[in-house]
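Hi everyone, thanks for making time this morning. Let me put the sequence and the structure up, and then I'll walk you through them.

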Amino acid sequence: HELPQMKPFQIACAWEPARSVGGDYFDVLTLGPDRLGICIADVSGKGITAALLMANLQAAVRAFAPGSTGPGALCSKLNEVLCGSIAPGKFVTLFYGVIDSERLMLHFENAGHSSPIVLRGDEATILTEGGTVLGLFPKSAYEDRQFALRPGDCLLLTTDGVTEAADELDEEFGNERVIASARAARSLGAQGIRTRILDDVTRFCNGNFLDDASLMVV
């Protein structure tokens with residue numbers, strides 16, 4: 001009901017399900033006085049089956065994240081758990097990051113999820129590094145990656161329900177529109193950016209979301 005916050009950061013999230021229940025998941029975890037865990041994930045499929053699987057993933061993230069040595073180790077553990085219990089052909093994409101407010105550093109691993117975007121001044125950097133999806137390959141390797149943050153940076157995390165939302169001509173919203181929406185609302189902070197992106201993508205697809213759409217702004 002209320003996201004944990006950690007100065008000097010602002011965090012805002014939004015979720016637009018394609019059905020009454022969905023398979024997207026985002027979370028913010030307090031890991032210490034200067035460390036915050038951020039997570040966004042998407043399970044293959046929709047409806048109650050996807051929602052149940054994502055509920056299991058949430059429980060696993062919350063159980064393992066506080067004692068994890070890093071994002072890579074957490075993803076390895078989650079992959080191990082999912083490979084032992086997930087239905088054949090199902091998988092999960094997940095981005096997990098740890099924000100260090102003392103060192104202004106983002107430690108992260110991306111397990112097949114939509115690439116995060118960092119806005120810095122007039123530049124947009126897409127963090128393309130990452131491993132494979134969770135739940136398919138028991139021996140998949142995951143790493144700890146890092147990105148140095150600066151004051152004024154804006155980190156954008158989405159599920160593909162945002163970027164792949166399509167208009168009547170079947171054109172997708174895409175990363176460039178996500179970036180443009182965020183830039184248009186930069187002066188409004190994380191809450192304003194979140195609202196602007198969600199409003200713009202809803203207008204773009206006329207509210208016809210074919211997949212769950214979630215986003216996180218840091």
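The protein chain has 5 helices and 10 strands, where helices (H or I, at least four residues) and strands (E, at least two) are DSSP runs, numbered from the N terminus. Its radius of gyration is 16 Å, close to the 17 Å that the globule rule gives for 218 residues, so the chain is as compact as a globular protein of that length. That radius is taken over C-alpha atoms, and the rule is 2.2 Å times the number of residues to the power 0.38.

A word on what you are looking at: this is a predicted model, in which local features need pLDDT of at least 70 and side-chain atom pairs count only at pLDDT 80 or more, while totals for chains, interfaces and linings use all residues. Residues are numbered from 1 along each chain as its sequence is written, and side-chain values use heavy atoms, with hydrogens and water left out.

Along the principal axes, the C-alpha atoms of the protein chain fill a box of roughly 45 × 40 × 30 Å. Of the 218 residues, 51% count as buried; buried means under 20% relative accessible area, exposed over 50%, and partly exposed in between, with a 1.4 Å probe and protein chains only. Taking contact as heavy atoms within 4.5 Å, residues 24 or more positions apart account for 68% of the contacts with a separation of 6 or more.

Now to the helices. How far apart are the end C-alpha atoms of helix α1? At 1.5 Å a residue, the 18 residues of α1, 47-64, should span 26 Å, and the end C-alpha atoms are 26 Å apart, which agrees. The expected span here is 1.5 Å times one less than the number of residues. The buried residues of α1 include Ala50, Leu53, Met54, Leu57 and Val61. Those buried residues pack against β2 (24-32), β3 (35-43), α2 (71-83) and β4 (92-100).

Helix α4, residues 174-184, has Gly174, Val178, Ile179, Ser181 and Ala182 buried. What covers them includes β6 (117-120), β7 (123-126), β9 (154-158), α3 (160-163) and α5 (189-204).

Next, some backbone details. Most residues other than glycine have a negative phi, and most peptide bonds are trans. Have a look at the peptide bond from lysine 7 to proline 8, which is cis, with omega near 5 degrees. Proline 8 sits in the segment before β1 (12-16).

Aspartate 170 has phi near 70 degrees and lies in the loop between α3 and α4. At 63% relative accessibility, aspartate 170 counts as exposed. For asparagine 206, phi is near 60 degrees, and the residue lies in the loop between α5 and β10 (213-217). Asparagine 206 is exposed too, at 69% relative accessibility.

Let me finish with two glycines.

Glycine 131 is in the loop between β7 and β8 (145-148), and is partly exposed, with a relative accessible area of 22%. Not counting residues up to four places away in sequence, glycine 131 touches Glu109, Asn110, Ala111, Gly112, Tyr142 and Arg145.
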